[in-house]
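Please have the viewer at hand as you read along.

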Amino acid sequence: MSESASVRAQLEVRDLEVAVDGKQILSGVSLTVPQGEVHALMGPNGAGKTSLGYAVMGHPKYKVTGGEIRWKDQSLLGVLPEDRARMGLFLSLQYPTAIPGVTTVNFLRAALKGQGKGLPARDFLKLVREQMTALKMDHSFMSRYINDNFSGGEKKRMEIVQLAVLRPEMAILDETDSGLDVDALRTVAEGVNRVHDDGMGVLIITHYQRILDYIKPDRVHVMAAGRVIVSGGRDLVDRIEKDGYDPMLREAGLDISAATAAAAG
Amino acid sequence: MSGEFAKADGRQPLGATEQVLTETAASSRLTREEATTVALPGGDPSWLASLRQAALAAYREAPWPSSTRDEDWRRTPQIDKLDPANFAEPEALGAGELPPYLREALDGPVSGGEVSAVVISDERGNLESPSPANSAPASPIALGLAAGLAADGAVWQSVAGKVAPPGLRKLISLNTVRTLGGACVHVAKGQEPKGYVRLLHGVSHGSASFPRTLIKLEEGASLTLVEEWVSPDADPALLAPVVEVELARGAHLTHVVFQRCGDQTVLQSTVRALVGQEARYDVRWNLLGAAWQKSYFEVLMLGDGSDTRLVGLCVGRQKQHYDVQTLQDHVAQGAVSDLLYRVAVADRSRSVYAGLIRVEEGAQKTNAYVQNRNLLLSPLAKSDSNPTLEILANDVRCTHGSTAGRIDDNQLFYCESRGIAREQARRLIVEGFFADVVDSFPEGSLRESGRGFVLEALEELARSGALAASSRTA
Ligand SMILES: Nc1ncnc2c1ncn2[C@@H]1O[C@H](COP(=O)(O)OP(=O)(O)OP(=O)(O)O)[C@@H](O)[C@H]1O
Ligand SMILES: [Mg+2]
């Protein structure tokens, strides 16, 4: 998909408030990821990172109660998840869902077709095989049920196979690095970078510096207690690595117990 | 629909005004209490005539099943309104003719693959296949009921009414009294006929048909059999097949049932098998379409080391009602029976399942499993599931389980977030729900037929809006 120069191809989240089952989880998140850039999203457990990803992708459980989500100057509120995918968004799940009975190859075929990117059978299979090879996954995974009895790392790799096949314009990667061995981490990072090199924007949620050595962030955001408390350059990663979140939380007027208490609701 | 079917309850003066069309149907009478026996074209062999008399006595003696009195019928009160008197006598048909719905079925989704024999029946008895493309050479393996009994009476005398004795249930008695056609399938010792045998049992609108199928595989014989139960969408009709299976030592039968009945057809079936020593019985039932039905699938594990796999699927929509009851009766030692039944119900349809594993005294080293999984596609669809164990031996492995649930929201979101629209996502997930059933079909054209059947069911669900219906929770 190409867009005219006048359209700002960026993901813009403004003052976003989200509730699950009536419980407030995000309370005013703001951040902007221009297409082509890599932003990292960090923050303690329960900060709301995953919830932000779900809200951006339109998970029906995560109800937007305030603020805005915009992509390419268009509001996403009320837009179906499948349409968000067609508009070029992608969310790699922290815990990818298994669908017993649905083979990986059928799932991918349906996804491509659903996005209007269907290919003739031979080209499709060739594409999937190539990307599986690139992600060092055995081709036998194609006929396995998607994510069903995959190991943790295999699920994460399969998410990136999908990313590579679907080629979105903006990807949110939710802890794609967790559960990967050192070699797989590199393989996955290279897979992401190949699509990034073609202009895909990335919002990468992680707890660790290591993946950011491969996928280099232009900006770093730190979330706590349902909002972004600091945004800055790559040096933030080093600070977190060195001192943890405590100093930032305190600067933001939160202490750990308060932050976790807020997160725990 | 079942609602409209109930209208047929007011008796129609059928016998009185209808012209008498066949000799066998002459002065025929059938009520819930009383019946006249019929005879096969060319006459019954004397042993069959006696069997019919015994069945008639049993029919008269047994009360009509009742949803209040009989445990089997507790959740299927439709039986209280069923009256065999409400169905018309068969209409005459020109020689070599086939009713359109049967011709359609014959050329339908199961065709393909190598067919070694085709046998067709409806309420008139056995019919000739007029389509040369589908008519296999006359085969001694599978014949119509009358032809089969004439060819080898001694063989069938030991099967008919022995596997499914008349007194067992009122509807078995009824089938025995009234059957005019069906099939005799016999494979001699050690034989493994190539391709598969195809049986097509139908009923025309307004009629009642009682096909009887007798299957006997001698020692070490092996066969694949595809049986179809079909009827057109029209007036109420009753299709009540009884299938008796006897497998001798080391025999192997793969028996696939495809049901595609009209929306006003009542189906009452019994498939009952005696499984001999080290014999293997693979039965697959696939139910799609009927107003309501009660179907029994029963295996008696009589031989040590026998092995039975029972795998079923059912797709319900609108106000359809499917009642399936199974029995895995372990008499011999070291036998295995493994049952999986998957059901998807949409709209206001309902599934009722009862499955009993009985391990008789002395049936040690039994492995028996029963599993029923229900997928509810609408808030008004319902499933009742009651798998039970009755174990009288002490060295056995038995498990039973059942589940009922809706399509998982996270699975839906996962699909949707990758660009798969909701209806397509639901279709994909429902298809996936049946994947292990399809995978249990023998590889090749039969598995393709199984896959095709599931796709056909999905089409029907999609047409009736059952895949799109569920409202978005957002
Ligand atoms: N579906 C839900 N139901 C109830 N609570 C939820 C739900 N989803 C998220 N929450 C709560 O919202 C808060 C934020 O959760 P979220 O998963 O977004 O955190 P996170 O930042 O991704 O944490 P982690 O780093 O551990 O993955 C947590 O307190 C969590 O328990
Ligand atoms: Mg998370």
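Is A:Gln94 buried or exposed? I looked this up before anything else, bearing in mind that the model is predicted. A:Gln94 has a relative accessibility of 16%, so it counts as buried, the cut-off being under 20%.

**Entry: the magnesium ion**

I came to A:Gln94 through the magnesium ion (ligand 2), which is coordinated by A:Gln94 through OE1 and by A:Thr50 through OG1, at 1.9 to 2.2 Å. I then checked where this pair sits: A:Thr50 belongs to helix 1 (residues 49–57) of chain A, while A:Gln94 is in the loop between strand 6 (89–92) and helix 3 (104–114) of chain A. The two are 44 residues apart, and the pair links distant parts of the chain. For A:Thr50 I noted a relative accessibility of 23%, so A:Thr50 counts as partly exposed.

**Entry: two sheets in chain A**

I traced an open sheet of 4 strands in the order 2-1-4-5, with antiparallel pairing. Strand 2 (23–34) and strand 5 (74–75) of chain A each have a single partner strand, so one side of each has no neighbour in the sheet. Helix 1 of chain A packs on this sheet and touches strand 1, strand 2 and strand 4 of chain A; its direction is at about 110 degrees to that of strand 1. Between strand 1 (residues 10–20) and strand 4 (residues 62–71) of chain A I found 8 bridges. I also looked up A:Glu17, whose bridge partner in strand 4 of chain A is A:Gly66.

Next I followed an open sheet of 6 strands in chain A, ordered 6-7-8-3-9-10, where the pairing is mixed. Its edge strands are strand 6 and strand 10 (227–232) of chain A. On average, neighbouring strands here are turned by 20 degrees against each other, direction ignored. Strand 9 (residues 219–224) and strand 10 of chain A run antiparallel and are joined by 5 bridges; A:Val220 stands opposite A:Gly232 in strand 10 of chain A. Helix 1 of chain A turned up again, lying across strands 3, 6, 7, 8 and 9 of chain A and running at about 145 degrees to strand 6 of chain A.

**Entry: where the chains meet**

How many residues does each chain bring to the contact? I noted 33 residues from chain A and 20 residues from chain B. The area buried between the two chains is about 2100 Å², and carbon and sulfur atoms give 63% of it. A:Pro60, A:Glu82 and A:Phe107 supply 23% of the area that chain A buries against chain B, more than any other three residues.

**Entry: helix 8 of chain B**

Helix 8 (residues 409–417) of chain B is mostly covered, with 7 of its 9 residues buried; among them are B:Leu412, B:Phe413 and B:Tyr414. I asked what covers them, and the list includes helix 1, helix 3 and helix 5 (152–166) of chain A, together with helix 9 (422–433) of chain B. At the start of helix 8 of chain B, a side-chain oxygen of B:Asp408 reaches to within 3.2 Å of the backbone nitrogen of B:Asn410. B:Gly419 follows helix 8 of chain B and has a positive phi, near 100 degrees.

**Entry: B:Asp436**

Last, I visited B:Asp436 in helix 10 (residues 435–439) of chain B. At 32% relative accessibility, B:Asp436 counts as partly exposed. The side chains of B:Asp436 and B:Arg342 are joined by a polar contact of 2.8 Å.

Methods. Residues are numbered from 1 along each chain as its sequence is written. Chains are lettered from A and ligands numbered from 1 in the order in which they are written. This is a predicted model: local features need pLDDT of at least 70, side-chain atom pairs count only at pLDDT 80 or more; totals for chains, interfaces and linings use all residues. Side-chain values use heavy atoms; hydrogens and water are left out. Donors are N, O and S atoms within 2.8 Å of the metal (3.2 Å for Na, K and Ca); water is not among the atoms, so sites may look incomplete. Buried means under 20% relative accessible area, exposed over 50%, partly exposed in between (1.4 Å probe, protein chains only). A polar contact is a pair of N or O atoms within 3.5 Å; within protein, one must be able to donate a hydrogen and the other to accept it, and residues adjacent in sequence count only if both atoms are side-chain atoms. Two strands pair if DSSP finds at least two bridges between them. Contact means heavy atoms within 4.5 Å. Axes are lines fitted to C-alpha atoms, for helices over the stretch in contact, and angles run from 0 to 180 degrees between N-to-C directions. Buried area is the accessible area (1.4 Å probe) that two parts lose on being put together, summed over both.
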